Amino acid sequence: MTTVLLTGATGYIGSHTWLALQEAGFSVVGLDNFSNSSPEVLKRLHELSGVAPVFERASITDAAAMEAVFSRHRIDAVVHFAASKAVGESGAQPLAYYANNIGGLVTTCEAMRRHGVKTMVFSSSATVYGDPKYLPYDEAHPLSAMNVYGRTKLYGEQILRDLEASDPAWKIAWLRYFNPVGAHESGRIGEDPRGVPNNLMPYVTQVAVGRREFLQVFGGDYDTVDGTGVRDYLHVVDLAEGHVAALRHLLDQRRSLTVNLGAGHGHSVLQLVRAFERASGRPVPYRIVDRRPGDLPAFWADATLARQQLGWQTRRDLETMCADSWRWQQANPNGFDC
Ligand code: UFG
């Protein structure tokens with residue numbers, strides 16, 4: 001059986017990918033330091049999969065701890081989620097972001113190299129495309145970054161390209177995510193941001209459940225269908241299945257790849273709000289306020305390459321994303337803090 005080390009395993013995307021990997025027949029070792037997630041996730045994963053989670057509590061920046069993890073388990077491949085991801089915070093704390101996202105990546109790769117593990121799936125982001133020169137973004141679109149978080153992803157991609165160039169035994173999947181939303185259909189795991197949510201969907205669900213009064217829509221005068229920002233939302237379970245497909249590709253084809261993981265089309269903020277109201281039967285009061293500094297008006301993926309290379313495409317529509325986000329939020333009004 002192929003054993004996969006998941007870093008950032010109890011986070012939002014990590015936890016859904018954990019289940020998807022198990023369903024696909026992989027054995028998983030999860031690793032997290034709970035800096036932005038809860039141990040409760042492990043109980044929920046046990047309940048959902050029927051398998052007791054194999055878990056290591058460690059930081060990816062702790063070289064001795066990473067060495068110990070690779071010594072204790074026979075790891076075949078790594079899916080590397082662990083990273084900090086708040087754009088605003090990244091500008092205020094650049095060193096913390098570089099230490100975790102870059103230092104942690106290097107430490108993880110060093111442990112892998114020492115143990116002869118040279119297969120990695122890397123969480124990158126559509127943010128590496130920067131200001132759109134054209135849309136949809138395809139994988140050949142020029143790269144640039146507009147904030148510290150984005151630079152950690154851009155530099156992280158480059159570090160892995162240098163590593164692969166130095167030793168072609170490395171097989172790496174650079175996955176550029178668009179905007180993941182939704183939750184596992186059971187409603188037992190989902191997105192549980194700490195503090196005030198930065199992202200749209202968790203804010204919407206917290207308004208609907210009564211934790212927040214109204215949504216602030218950042219900008220109503222963009223050159224888009226209704227003046228509000230447009231993004232490529234995809235269901236987190238589709239995204240998780242994209243990781244399984246990418247890992248299989250690396251293991252079977254022995255070829256690296258760079259692909260967008262997105263739906264291939266965009267929705268505006270107000271389109272998402274209306275879909276959410278339909279799916280939940282709850283009103284989502286909102287006010288249109290100033291644009292958020294640094295936001296792009298619109299972007300979405302060209303999702304052709306993922307379909308061609310991985311046979312992967314999104315299967316769950318916006319209604320399903322909203323219904324599943326709502327099921328999760330309603331059953332867990334305070335997230336994993338129950
Ligand atoms: N938005 C609101 N109100 C909110 C939150 C968001 O109107 O309270 C709007 C934004 O202006 C944007 C859209 O909803 O138009 C989506 O915003 P998100 O913050 O959910 O997502 P972003 O596309 O801005 O950011 C995401 C990731 C970042 C990543 C970026 C680019 O959260 O980590 O995509 O890939 F850098």
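This is a predicted model: local features need pLDDT of at least 70, side-chain atom pairs count only at pLDDT 80 or more; totals for chains, interfaces and linings use all residues.
Let me start with what I mean by a cavity: on a 1 Å grid over the protein atoms alone, a cavity is a set of points where a 1.4 Å probe fits but cannot get out, and lining residues have an atom within 4 Å of a point. Grid points are joined across faces, edges and corners, and a volume is the space filled by probe spheres set on the points. The general idea is friendly enough: rolling a probe the size of a water molecule over the atoms shows where empty space is left.

Residues are numbered from 1 along each chain as its sequence is written, and side-chain values use heavy atoms, with hydrogens and water left out.

So, how many cavities of 30 Å³ or more does the structure hold? There are two. The largest cavity has a volume of about 120 Å³. Its lining counts 15 residues, and those nearest the centre are Glu191, Pro202, Thr205, Trp328 and Gln329. The elements giving two or more residues to that lining are α7 (200-208) and α11 (318-331), with α7 giving the most, four residues. A word on those labels: helices (H or I, at least four residues) and strands (E, at least two) are DSSP runs, numbered from the N terminus.

By class, the lining of the largest cavity has five nonpolar, seven polar and three charged residues. Here Ala, Val, Leu, Ile, Met, Phe, Trp, Tyr, Cys and Pro count as nonpolar, Asp, Glu, Lys and Arg as charged, and the others, Gly among them, as polar.

The second largest cavity comes in at about 40 Å³. Lining this one are His80, Ala82, Ala83, Asn101, Phe122, Thr152 and Lys153. They split into three nonpolar, three polar and one charged.

Now to a pocket, meaning an open set of points with protein on both sides within 12 Å along at least five of seven lines. The second largest pocket holds about 220 Å³ of space. Of the 13 residues lining the pocket, Glu23, His184, Val237, Glu241 and Arg316 lie nearest its centre. Helices α1 (12-23), α8 and α11 each give two or more residues to this lining, and α1 supplies the largest share, four residues. Four of the lining residues are nonpolar, four polar and five charged.

Since α8 has come up, let's stay with this helix. Why does its length make sense? At 1.5 Å a residue, the 18 residues of α8 (residues 236-253) should span 26 Å, and its end C-alpha atoms are 25 Å apart, which agrees. That expected span is 1.5 Å times one less than the number of residues. Of those 18 residues, 13 are buried, where buried means under 20% relative accessible area, exposed over 50%, and partly exposed in between (1.4 Å probe, protein chains only).

Just after α8 sits Arg254, in the loop between α8 and β11. Arg254 is not a glycine, yet has a positive phi of about 55°. At 38% relative accessibility, Arg254 counts as partly exposed. Phe34 also has a positive phi, about 60°, without being a glycine. Phe34 belongs to the loop between β2 and α2 (40-49), and is buried at 10% relative accessibility. For background, most residues other than glycine have a negative phi, and most peptide bonds are trans. Pro136 lies in the loop between β5 (119-125) and α6 (148-166).

Last, the strands. Two strands pair if DSSP finds at least two bridges between them. An open sheet of seven strands, with parallel pairing, runs in the order β3-β2-β1-β4-β5-β6-β11. Its edge strands are β3 (54-57) and β11 (257-261), each pairing on one side only. Within this sheet, five bridges join β1 (residues 3-7) to β2 (residues 27-32), and Leu6 has Gly30 as its bridge partner in β2.

Elsewhere, β8 (residues 215-218) pairs in the parallel sense with β13 (residues 286-289) over four bridges. Val217 has Ile288 as its bridge partner in β13.
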